[in-house]
Structure formats: C-alpha cells, structure tokens
Amino acid sequence: MLRKLLKYDLKWIYKTIVIFYIIAFIFALLTRILGSIDNSLLCHILASICGIISITIIIVSLINTIIRAYIRFIRNMYKDEAYLTHTLPIERKTIYLSKVLASLISVFTTVIFIILCIFICYYSKENLEIMTNMIKITANNYNTTVLNLIFIISIIIFLEIMFVLLIGYVGIIIGHKSNTQKQVKSIMWGFGLYLGTSLINLLVILIFGLFNNNIMNIIKTSDTIDINAIKSLLYLFIILYLIYDCIYYFIGKKELSLGINID
C-alpha cells in the first residue's frame with residue numbers, strides 16, 4: 001500500500017515540477033548551443049542570458065517542489081481530500097511516511113537536475129579542471145580524500161534538506177490542531193522550531209568548545225583556524241542533524257496519531 005501511496009504523491013508533485021524541468025532543460029541546451037558559436041558577441045550574450053534563466057528556473061523549481069510537497073500533505077490530510085484519505089484502510093503513519101518519502105525523492109531529483117543543467121550550461125575541460133583542482137586543494141587542506149569530502153558534504157546537505165522538510169511537516173501538523181488561522185500558526189510553528197533548533201546548535205557548539213580549545217578558538221577569533229576543528233564541527237553537524245531528523249519524524253508521526261481536525 002505504501003508503494004501505491006508514494007506513486008500518487010510523486011505523480012501529484014511532479015505534475016507541475018516537470019514543466020520547470022523541461023523549460024530549464026531547453027534553456028540549458030540553448031546556452032550550450034549559443035555558447036559553442038565562435039566569434040559572435042551576440043550569441044555569447046544570449047548564451048549568458050539563457051544560462052541565468054535556466055539556473056533561475058531550476059532553483060525556483062526546487063522551492064516549488066518543497067511547497068508542493070507541503071500543499072499535497074495539507075490537502076490530503078486536512079482539506080476536502082482528507083475525507084477520502086482517512087476512510088482508506090491505511091494507518092496514518094503509513095500515509096505520513098509516504099508524504100515524507102515523496103518530498104525527499106522529489107527534492108533529490110530536483111537537486112540532481114540542477115547539477116545536470118549546470119553541467120550542460122557550463123561544462124568544458126577548462127571549467128572541469130578548475131573545479132577538480134579546487135576540490136583537490138580543499139580535500140588536501142582538510143587532510144582527507146576527494147571522495148570523502150564529497151561524501152561528507154553530500155550527507156550534510158541531505159540531512160539539512162530532510163531537516164527543513166520534517167520541520168515543515170511538524171509545523172503543519174501542530175498548526176492544524178488549532179481551530180483558527182491554521183496556515184499562519186503552521187508557519188509560526190515551523191519558524192519557531194527552526195529557530196529553537198538553531199539555538200540548540202549554538203549551545204551544543206559552545207559546550208563542545210569547552211572541551212575542545214580549537215573549536216572555542218573558532219568562536220572567539222577569526223584568525224588562523226585549525227582544520228581538525230572544522231572537521232570535528234562537520235562530523236558534529238552530521239550527528240546533530242541525524243538526531244533532529246529522527247526526533248522530528250517521530251514527533252510528526254506521534255502528533256498525527258493523536259488526532260486530526262479536518263477543515
């Protein structure tokens with residue numbers, strides 16, 4: 001049943017997002033074609049404009065993907081569609097899991113598409129060499145391998161995206177327990193949880209700094225920063241956001257199990 005729910009959730013989200021994909025892809029191709037024409041100032045100007053349009057559209061699509069995931073959740077759980085949703089022989093935790101997975105998958109594919117459009121627009125041997133050298137230099141500075149650096153950064157980005165999505169869901173669930181101004185209260189709850197978690201991050205870093213002078217030096221001064229301290233902070237953020245993601249997921253599931261006010 002989870003597979004069917006996930007299928008319909010993804011279909012609903014992609015119904016609009018795929019239009020952004022197509023438009024961004026077309027402008028990315030135009031950027032590549034126009035940029036490949038030598039000795040034409042007009043073509044190079046048009047290529048730059050098309051490249052900016054392509055990247056702008058695909059970034060907007062990422063924001064739209066997150067918003068549509070939230071709208072899907074609200075309509076399915078609290079609006080007119082909710083009457084059908086809650087009559088299905090499916091546990092709420094399964095419905096919730098489907099919504100979370102659908103949002104993660106759609107955001108992930110959008111990020112991949114952003115990378116694809118950037119690659120189409122700006123790929124060249126020179127640009128690839130510059131980027132590769134920058135990554136290698138950064139990896140060497142952090143005394144690690146290129147693959148390990150990319151892996152760490154990718155994990156942090158994934159966990160933070162999941163963190164934002166889950167906070168949004170929890171905000172919606174708690175906000176819709178109210179009888180009035182549900183949308184406003186959902187946004188307030190989401191923003192409040194995000195701000196509160198950020199303050200907890202700061203507190204944890206301060207406490208961690210009490211036992212690690214290098215991290216405390218990062219907080220106190222902008223002078224030479226110890227690379228090992230930066231690496232420690234990166235690993236700390238991975239652990240923290242992994243914990244936050246688990247906590248907010250179970251909070252959302254628990255709050256849904258306590259009851260829903262259908263509009």
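Predicted model: local features only at pLDDT ≥ 70, side-chain atom pairs only at ≥ 80, totals over all residues.
**Notebook: a helical chain**

I read the elements from the N terminus on, and they run α-α-α-α-α-α-α-α-α. The tally is 9 helices and 0 strands, taken as DSSP runs numbered from the N terminus (helices are H or I with at least four residues, strands E with at least two).

Residues are numbered from 1 along each chain as its sequence is written, and side-chain values use heavy atoms, with hydrogens and water left out.

Next I looked up the overall extent: the C-alpha trace spans about 65 × 55 × 30 Å along its principal axes. Of the 263 residues, 38% count as buried (buried means under 20% relative accessible area, exposed over 50%, partly exposed in between, with a 1.4 Å probe and protein chains only).

Then I turned to a helix pair. Helix α1 (residues 2–35) packs against helix α2 (residues 41–77) at about 175°, with axes 7 Å apart; the axes are lines fitted to C-alpha atoms over the stretch in contact, and angles run from 0 to 180 degrees between N-to-C directions. So α1 is roughly antiparallel to α2 (angles over 145 degrees count as such).

Last, I checked two residues. Isoleucine 26 sits in helix α1 and is partly exposed, at 44% relative accessibility. Arginine 72 belongs to helix α2 and is buried, with a relative accessible area of 10%. From arginine 72 to lysine 99 I noted 8.0 Å, C-alpha to C-alpha, across 27 residues in sequence.

Notes. Parallel < 35°, antiparallel > 145°, perpendicular 65-115°, else oblique.
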